[in-house]
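Hello,

Here is the structure I promised to pass on to you. Have a look at it first, and then read on for what turned up in it.

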Amino acid sequence: MSIAIRTTLLRTTVVAAATALCAAISTLPARALDAQWCKDVHIRFFVGGAEGDAFGTIVYNGAKQAAADLGPKVDYIFSGWDVEKMVQQLREAVAVKPNGIAMMGHPGEDAIMPLAEQAHKDGIKMMYQNVPVPKVVAAFGGGYVGAQQEQQGRALGAEAFKLAGLKSGDKAIMIGPFDNESRGARERGTVAALKEAGVDVVQINSVTEWAADPNLAIPVITAALLNNPGVKAVGYPGGQMLGNVPTYMQAAGRKPGDIFNFGFDTSPQIVEGFKGGWVQLTADQQPFMQGYLPILSLCQQVVLGLAPMNVDTGAGFVTPQNYEIVSELAKQALR
C-alpha cells in the first residue's frame, strides 16, 4: 500500500472517530444544563462530625447546597469524628450500593482499603474529603477535596513561628490526634516545622470527645499551661477547640494576648476569638468546598463519565489583620 493511500485511510479513520466522539459528547451539555440534572443519582455523604458541630456544619451546608443545585438524593452521615463509627458507617454505605459515596478519610488507608475495594467491585464511585487517602485512591480510584494534611500543618507551623515572634529555645504546646496515622499528619507537620526552627514543643494527644465537646479538654490544657509557665504559643487541632480558646485561657488565668493561640479552620466562635484578642492565627481549609465539590464530582462521574476531582482547599491564613473579610460568612456557617 502506498504512503498516499495509507495517509488517506488514516485521515478518514481519524475524522470518523472525531465525528463519532463529537456526536456522543454533543448529547451531554444539553443534559448537564437541565435543572436538577443529577436527580437520578443516589449519594451517601459523610459529614464527619455530629449535627451542629462547628466544622461539620459548614461541610454539611456545602453538601446541602450542592444537592439543592444538582438534585441528587443524598443521605447525610454524621459520625461525631469517631473513626471506628465511620468505618462501620462506610461498610453500611457500601452495602446499600448507592451510585456514589463521599467519605471522610479519617479512619486511614488500612481501614478504608477493603471497603474501597468492595465499592470498586460494585461500581460505586468514591470521593474523599478532609483527610487524603492516596494509597486507596491509587488502588481503587476516586478523588480528594481538602487540604493536604502535612503540607498545611507545616505551613501553619512556619507562619506561627514568624507571626508569634518565636525564637530558638522558646516553648510551645501543640494539641492533635498524633496517634492517628492519616488525620494526625497535619499536626505532626506543625510540630516538625516548629522543632526545625528550634522551638521546644510539648505535644498533647487529643481525643475524639474533645471535638464533640471542647470543654472536656479544659483540665488537660489548664494543667499543661500551669506546668509550662513559659509557653509562648499553643496550637489547636480544629475549629471546635480553637473557638474555645477564651475558655481555656480564662481557666488558666491568662488574658488576651498573653499567649499566641493558633490552629485550623474558621467559625463564628473563632471570629469572636479574633475580635476579643484571644486568637492570633488560623489556617483556612474552606470546609464549604469539602461539602459542595465531592457531590458535584460524584454527579459528574456518574452522569457525565468525567474523572474525579482533586482539589486542594487549603486557602491560606486568617489573622487579626484580615479576619473581618471572612467574618460574616463564618457567622453564617459558610466559611
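To begin with a term: two strands count as paired if DSSP finds at least two bridges between them. Please keep in mind that this is a predicted model.

With that in hand, look at β9 (residues 260-264) and β10 (residues 281-284): they run parallel and are joined by three bridges. Within this pair, Phe 262 stands opposite Leu 281 of β10.

Both strands belong to an open sheet of six, in the order β7-β6-β8-β9-β10-β12, and its pairing is mixed. The edges are formed by β7 (200-205) and β12 (316-318); each has a single partner strand, so one side of each is left without a neighbour in the sheet. On average, neighbouring strands here are turned by 20 degrees against each other, direction ignored.

Next, the nonpolar cores. The largest has 47 residues, and those with the most contacts inside it are Leu 90, Ile 101, Met 103, Tyr 128 and Ile 295. Helix α14 (residues 287-304) supplies the largest share of this core, eight residues. Beyond its neighbours within four places in sequence, Ile 295 is in contact with several residues, including Ile 43, Phe 45 and Leu 70. Another core, of 27 residues, lies apart from that one, and Trp 278 is among its members.

Finally, where is Gln 148? Gln 148 sits in the loop between β5 (143-146) and α7 (149-163). Its relative accessibility is 32%, so Gln 148 counts as partly exposed. Leaving out residues up to four places away in sequence, Gln 148 touches Pro 132 and Asp 312. The C-alpha atoms of Gln 148 and Asp 312 are separated by 6.5 Å, although these residues are 164 apart along the chain.

Best wishes

Notes: Residues numbered from 1 in each chain as written. Predicted model: local features only at pLDDT ≥ 70, side-chain atom pairs only at ≥ 80, totals over all residues. Heavy atoms only, no water. Helix = DSSP H or I, 4+ residues; strand = E, 2+ residues; numbered from the N terminus. Axes fitted to C-alpha atoms, helices over the stretch in contact; angles between N-to-C directions. Core = buried A, V, L, I, M, F, W, Y, C linked by side-chain atoms within 4.5 Å. Buried < 20%, exposed > 50% of the residue type's maximum accessible area, 1.4 Å probe, protein only. Contact = heavy atoms within 4.5 Å.
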